[in-house]
Amino acid sequence: MGCNVSKKNLEEVAVQTDAVKTVWIQPTELEDYSLLPDSVQFITTENELNKWVEMWYTLTREEKSHQGWFVMQCDNVDTNQWGYCIGRCTVQNYKSQFFDNVPTDKVKHWIITKTLTHLEVVCNNVTVLNFNFATDYSPGNENGHQIWSRRCTGIEFWSNCEDSLLLNIAS
């Protein structure tokens, strides 16, 4: 289920969503975008069933780097249910853990921020996930916090959502 929105209309949504003058682009499906390590912002204009957004984090400590990944997808369009996976921390099944209280708005402004201790997902100013790497892990993933507690030096972004906008924080 896609929505036929022009790039100009999506840019107008982006401007209304964030008062800061930024550059929003409509990502090309499955193309890799390298971003700065602070946070990722994007806009979805539809709940698209089984469409995903994925971020790969370069996590560094003492010149050693590892990859950590986070994926989210809409699992149920009718109930606005979004599942997620955090590599080395959760069960690797989108239908096992879900965001809390995702706003029902059609247009969603997502902000995903990784700190040394948490991964926070905010949607339209509502915190829908505040994942503590040291305590919120799934059984068998007790050591995930050792990777995720590292400093983030870069983020790569992929999506197969045709109606997402990505905040180009690298420019």
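Setting aside neighbours within four places in sequence, Tyr57 is in contact (heavy atoms within 4.5 Å) with His66, Gln67, Gly68, Phe70, Ile112, Lys114, Leu119, Trp148, Cys152, Gly154 and Ile155. Keep in mind that this is a predicted model, where local features need pLDDT of at least 70, side-chain atom pairs count only at pLDDT 80 or more, and totals for chains, interfaces and linings use all residues. Residues are numbered from 1 along each chain as its sequence is written, and side-chain values use heavy atoms, leaving out hydrogens and water.

Tyr57 also turns up in the largest nonpolar core, which has 32 residues; Tyr57, Phe70 and Trp110 are among those with the most contacts inside it. Such a core is a set of buried (under 20% relative accessible area, 1.4 Å probe, protein chains only) Ala, Val, Leu, Ile, Met, Phe, Trp, Tyr and Cys residues, joined through side-chain atoms within 4.5 Å. Strand E4 (residues 52-61) gives the most to this core: four residues.

Now for the sheet. Strands are DSSP runs of E, at least two residues long, numbered from the N terminus. Five of them form an open sheet, ordered E2-E10-E4-E5-E6, with antiparallel pairing. Its edge strands, E2 (33-35) and E6 (81-86), each pair on one side only. Two strands pair if DSSP finds at least two bridges between them; E2 and E10 (residues 151-159) have three.

How confident is the predictor? pLDDT gives that per residue, from 0 to 100.

| Part | Mean pLDDT |
|---|---|
| Chain | 82 |
| Helix H1 (residues 7-17), lowest | 52 |
| Strand E9 (residues 126-132), highest | 98 |

Notes: Buried < 20%, exposed > 50% of the residue type's maximum accessible area, 1.4 Å probe, protein only. pLDDT = per-residue confidence, 0-100.
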